[in-house]
Amino acid sequence: MPPNTMNNKLVILFAAFVLLAFGCNHNNNQQTNISISPEAGSAYKAGDVINVKVGLPADAKVDSIVYLIDSTRFASKKDSTALSLKTDSLPLGIKLITARVYQGGTKQEVSTNIVLLAAKAPEKYTFKVVKIFPHDTSCYTEGLLYQDGYLYEGGGGQSRQPASRDADTTVGQSSVRKVDLETGKVLKKALVDPTIFGEGISIVGDKLIELTWKEKIGYIYDKNTFKLLSTFTNNIGVEGWGMTFDGNKLYMDDSTNRIWLIDKNSWHAIGYIDVYDDKGPIDSLNELEYIDGKIYANVYTKDYIMVIDPKTGAVLQKIDMSSLYPQASRIPPAEVLNGIAYDAKGKRIFVTGKKWQHLYQVEFVKE
């Protein structure tokens, strides 16, 4: 991901603020004689049981109360006694809790919201280097994967920058590449429109898919010939960053803590997870790799890898990679850690960074 992307956080913070205000004030009938707890913005950990209670005037009677989470009904009661909400099966993130109160043929709604965090702190891991391979220092790595004995890499860059593009330290033209692992030699390469900044890649069948940063388009290539077959509109998320494939569906991140689940055929969003540890959201998720039922994610500008539960968004492990190629000793033009690839048959994991001179085969070790 190019520099100067941190303004995206303002979008997410604003969205959270709007949701908080909504939770504090929402009432369809503009009446204020009912309330709901817990207090808006309260934080809980997955597995906690939350007491949800509607407050009514002392002499009020209800016909029924229907409870919803994010517009999906989950319970109903004939009175206003507290309801126990179990959170062990809920995805993480901001959850809108709404109570619809029915009284004498009328309906009122009152809402609040909570933030659901991971149940526990991520396990701490480090790494050991198994083998070192050469890597093309001209490649500003945005996507990386391994298949059928070869590396496939997506590199970002622009040789001509549009006037609207923020200043960018990268040079060169975006491309997708097929690379010989042992030598680092580029065996096949397709260049992208020089005004477009290429991003994450994934392979689905015989097609190689490439995202773009802000342009809201994607490219589909023939995996074997690198011939451009078609393009598609990508209106999912804030931007296009990293991508991976689990054999059934695609996962895409977008500069925030959200990972989108995408239909591999139609490119429609079919869901999402928000990524949290036990402290809060993990923003700027970048290059992704699906490994043995978990998502491994770089975090832009950070020297660690997050291992994520693809069902809940919980960070399960945090892998400290800071000693692999310490920032203080990086030789220009080397930049940040980015790029994870998995050899499923050989059970090998590879990592690299933007314009690094090496790609590393590593094993992750619990501290």
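**Salt bridges in a predicted model**

This is a predicted model, and it holds 15 salt bridges. Let's look at a few.

Q: Which residue meets the side chain of Glu142 in a salt bridge, and how many residues apart are the two?
A: The partner is Lys354, with N and O 3.1 Å apart. Glu142 sits in strand S10 (residues 140-147), while Lys354 is in the loop between strand S27 (348-353) and strand S28 (358-366). So the pair links distant parts of the chain, and the gap between Glu142 and Lys354 is 212 residues.

Q: Are Glu142 and Lys354 buried or exposed?
A: Buried means under 20% relative accessible area. Both Glu142 and Lys354 fall in that class: buried.

Q: What does Asp303 pair with in a salt bridge?
A: Asp303 lies in the loop between strand S23 (294-299) and strand S24 (304-308). The partner lies in the loop between strand S25 (315-320) and strand S26 (337-343), so the bridge ties together parts that are 27 residues apart in sequence. The closest N and O atoms are 2.8 Å apart, and the partner is Arg330.

Q: Why does Arg330 count as buried?
A: The cut-off for buried is under 20% relative accessible area. Asp303, at 14%, counts as buried. Arg330 is buried because its relative accessible area is 13%.

Definitions and conventions
Residues numbered from 1 in each chain as written. Predicted model: local features only at pLDDT ≥ 70, side-chain atom pairs only at ≥ 80, totals over all residues. Heavy atoms only, no water. Salt bridge = Lys/Arg side-chain N within 4 Å of Asp/Glu carboxyl O. Helix = DSSP H or I, 4+ residues; strand = E, 2+ residues; numbered from the N terminus. Buried < 20%, exposed > 50% of the residue type's maximum accessible area, 1.4 Å probe, protein only.
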